[in-house]
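Please open the model in the viewer and keep the selection tool at hand.

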Amino acid sequence: MKAIRIYEHGEPDVMRYEDVAEPAPGAGEVMVQIAAVGVNPVETYIRAGLHTKRETPFILGTDAAGIVSAKGAEVAGFEIGERVYTSGSVSGTYAEYAVCRVRDVHKLPAHISDAEAACLGVPYATAYCALVLRGEAKAGEFVLVHGATGGVGLAAVQFAQGRDLKIIGTGGTQKGRALTFAQGADYVLDHTRENYLDEVMEITEGRGVDVVLEMLANVNLNRDLKILARSGRVVVVGNRGTVEINPRDLMSRDASIIGMSLMNATDAELEIIHEAIAEGLQDKSLKPVIGEELPLESAAEAHRKIMESGAYGKIVLMP
Ligand code: NAP
């Protein structure tokens, strides 16, 4: 099969498109024939060896969509040929085939395309975990999706809309902000403008927001604390550096900062998360936005693009 493999950590060009032996599913695993691969920022960090280094060579990727093409022993509940999306993979999804544990494959309704389905695993699970499980957003509350134009942000806007929250999104481009508005945000601000967060206080009539889903905490965390309502919560979803905050901003509001990593979600939480995704797909309140489709061999281009500003939904690789 064709796959993108990494032999050394480094810049996007370390990814090699090459022929690789097909993996085989073991007990409790299925093989997925991949039709589309969702690209996430975390794969650029893994490729670069940013937080940890992995044994090479390896195939990147957790998110994909396709059909079950083979089953290992002790696999119940899935048939050969069934359409699924993946939220994890033993062998890596930047490939034509990937082996996945049964708990990491999920059934799909027919109206969701392969490219859309490839964008569910990390972004929608993260958005639900941040908004509902960690942020505990309740109907009627204000939520600021700080960085709403990308994969996680748009998923959060869609989940928030179904929960009767008042949604403020932010984006760096006019095109991205228009998309965020069309996806259901009540207000959309330009995070490249100076003092744009003053508008949050105007929108909330001086009260502040109850929940912030923060995509770039090293830039925004200190200012987030100043626009929180009493008992407000900032959920740190994304962060690329360090930041100085004034803890008095938390004290004066009984506020909290909650870090989250999807990797820490328990099996029970993951079950709740993927049930919520299934429900949202079924009632059509959830629908991923595809900004760009590229061939699998263009993984390096996808990695460069996902780290640039100007997000517009998801980048998908097509094997
Ligand atoms: P993405 O599709 O690349 O989107 C990035 C988002 O960040 C865009 O909306 C972008 O807006 C926004 N952004 C850029 N500059 C910003 C600023 N100054 N203030 C606020 N937002 C800004 O990435 P993603 O998949 O949505 O992921 C978002 C972040 O969460 C990434 O850092 C990712 O690594 C992290 N993440 C964490 C977890 C976890 O488990 N904690 C899981 C998934 C993702 P514009 O491009 O419009 O400027």
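Select Glu18 and Arg5 to begin: the two form a salt bridge, with their closest N and O atoms 2.8 Å apart. The term denotes a side-chain nitrogen of Lys or Arg within 4 Å of a carboxyl oxygen of Asp or Glu. Glu18 belongs to strand 2 (residues 15–19) and Arg5 to strand 1 (residues 2–6), 13 residues apart, and the pair links distant parts of the chain. Helices (H or I, at least four residues) and strands (E, at least two) are DSSP runs, numbered from the N terminus. Glu18 is buried, at a relative accessible area of 15%; buried means under 20%, exposed over 50%, and partly exposed in between (1.4 Å probe, protein chains only).

This is a predicted model, in which local features need pLDDT of at least 70 and side-chain atom pairs count only at pLDDT 80 or more, while totals for chains, interfaces and linings use all residues. Residues are numbered from 1 along each chain as its sequence is written, and side-chain values use heavy atoms, with hydrogens and water left out.

Next, select Glu82 and Lys107, whose side chains meet in a salt bridge of 2.7 Å, N to O. Glu82 lies in the loop between strand 5 (63–71) and strand 6 (83–87), and Lys107 in strand 8 (residues 105–107), so the pair ties together parts that are 25 residues apart in sequence. Lys107 is partly exposed, at 44% relative accessibility.

Move on to Glu199 and Arg193, a salt bridge with its closest N and O atoms 3.3 Å apart. Both partners are partly exposed: Glu199 at 22% relative accessibility and Arg193 at 46%. Then select Arg101, Arg103, Asp104 and Asp267, which salt bridges with shared partners join into one network. The count of salt bridges comes to 18.

Which residues have the most contacts inside the largest nonpolar core? Select Leu120, Leu131, Val143, Val145, Phe159, Leu213 and Ile277 within this core of 43 residues. A nonpolar core is a set of buried Ala, Val, Leu, Ile, Met, Phe, Trp, Tyr and Cys residues joined through side-chain atoms within 4.5 Å. Helix 3 (121–134) and strand 9 (142–146) are among the elements that each supply at least two residues, and helix 3 gives the most, with eight. Domain 1 (2–120 + 288–318) and domain 2 (123–263) both contribute residues, so this core lies between them; the domain bounds come from an automatic or database domain assignment.

Finally, select another core, which lies apart from that one and has 36 residues, including Met15, Val39, Ala95 and Tyr97.
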